[in-house]
Amino acid sequence: MKKLYLITVVTLMILMMACTPNGPDTDNFDQAARVADDVQTTNLMPWVEQLASARLNDTPVDNEGFSSKDLFPSDHLTRNAAVGIISQGFKSMGYQPDTIVLTKNGQTTYNVVVEWPGTTRPEEVVLVGSHLDGFYAAADDNGSAIAAMLETARAVRNHNFARTIRFVSFDLEEFGAIGSTRYVEAGYADDVYMAIVMDMIGYATDEPDSQDDVMGVKLPDTGDFLLVVGNNDSAEMTEEMIALGNSSGKANLVGLIAPGDGSYFLASAFMRSDHGLLWYQGIPALLLTDTGNFRNKNYHKATDLPETLNPDFLAANTKALAAAVALFAEVL
Amino acid sequence: MIRKILFFLFIATISLQARSEIQWTPVLQQTAMYYASDRVTADGIGPATGVNITWNENFIGQIDIGVLWGNGNSVPMRFALGYQKSGKWNPAVYGTFGLLFGQRTEVLSEDGRRPAIPVWNAGLRIAPLRFESAFGVASAFEIGYGIGPDNGTNLELTILSVGLTL
């Protein structure tokens, strides 16, 4: 009896020592949410449609070394038209886009970059990224994210921030995050303080059982949410973005934190985009995604068309993005 | 964390030694586990160590702690009480309670809060291939099933467990 008592006491002690983490800091949420109010949601789908239309007439990327197969139609990957549209879009907002050209092993990448300089700590950069290459019309993957990035870039120009906001369209993500890898390896990310990377943020449905789990990780059954993925380094960012996005009613966000740097085998599905190398480098970064092929049956298919997207979902996600960027860049 | 665990094992060991009719057996084992709930996913395979306790011939208990590799370093601490058949082949059935520490994939609440540490689970474990001799105990392919908070499901497979009677 005495033994049972001891075991019970010790077990209770362990449970009492258990950690229930506190919620995120909500300071500056109101100011950040106000930046989201400057997002013009009617601008979004026209960007998606323009990009999709241009891709269908674009010349595919040389796919030598990347043989085409199911869900990886490498002979239908385009980027040239997207580089032009994105650059022109930034110019029309008053930015001066820089196209970083990096060549290695005979393959050239074109990353399109603009900055909105910070006022008090400009050396600290908040990177907002999305890949510009895509298969077929690529409305969700990744026209939706490009549209959100462009509209956020326009909205932030009405405000001043402590940190610099850098918008980067990465090339050749579909061939293995080549553009972002070269960008990081060439030292362009050395001043990045934190990052938000988007990959497919426009597809949602309210049908039950429309959302698959991701490699054993249970997610809500209905695919009507945006998944915000962080790792140990970006756990605090994840908490803040979820609290900000959901509390302001701007979006339906689900937050997920992968263990460690996110590279463990059973969580590796969450590294599948341009944030991967940032995680490896220890740079706090979030991935925003509708979970791609775990929800969208048009993933990497000719049917990934603008009409399959949910404009309200894309609009809500863009507002959540703008608010998060404002929070992390410290809107003044 | 390690200090808490060692302290617990120390206390458990001291308390058991006080009763002479109790036989205790240190065990080493290889365990695979998959725990998934709406908030937490932890899984992997790895080694564990603990103490197997037998009293009145048929009543058994086990406390063990391990490390699971596969999705970071998860640390399951398991408590089990059960009943075994007498004889050299002595299959057993346990009621189990587990605490899961360490790394895991987390889903946040709507207001951005992370799930608590540890996560508990409770369930049953059966050990159909369990054998005992004067030297100790060996058991293979123990299968466990449990439930936890937030629609949690716990699946365990103790691939091999070996203990030497002291």
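Biologist: Buried means under 20% relative accessible area, exposed over 50% and partly exposed in between (1.4 Å probe, protein chains only). On that scale, is His131(A) buried or exposed?

Modeller: This is a predicted model, in which local features need pLDDT of at least 70, side-chain atom pairs count only at pLDDT 80 or more, and totals for chains, interfaces and linings use all residues. Residues are numbered from 1 along each chain as its sequence is written, chains are lettered from A and ligands numbered from 1 in the order in which they are written, and side-chain values use heavy atoms, without hydrogens and water. His131(A) belongs to strand β4 (residues 121-131) of chain A, where strands (E, at least two residues) and helices (H or I, at least four) are DSSP runs numbered from the N terminus. Because its relative accessible area is 0%, His131(A) is buried.

Biologist: With which side chain does the side chain of His131(A) make a polar contact?

Modeller: Leaving aside neighbours within four places in sequence, His131(A) is in contact (heavy atoms within 4.5 Å) with residues including Asp141(A), Phe170(A), Glu173(A), Asp199(A) and Asp274(A). A polar atom of the His131(A) side chain also lies 2.8 Å from the backbone oxygen of Asp133(A). A polar contact is a pair of N or O atoms within 3.5 Å, where within protein one must be able to donate a hydrogen and the other to accept it, and residues adjacent in sequence count only if both atoms are side-chain atoms. At 3.3 Å, the side-chain partner of His131(A) is Glu173(A).

Biologist: Which residue with a positive phi follows α4(A)?

Modeller: Helix α4 (residues 80-93) of chain A has 14 residues and reaches 21 Å from first to last C-alpha, close to the expected 20 Å. Among its buried residues are Val83(A), Ile86(A), Phe90(A) and Met93(A), and the buried residues of α4(A) pack against α3 (44-56), β2 (98-104), β3 (107-116), α5 (139-156) and β6 (163-170) of chain A. With a phi near 105 degrees, the residue that follows α4(A) is Gly94(A).

Notes
The expected span of a helix is 1.5 Å times one less than its number of residues.
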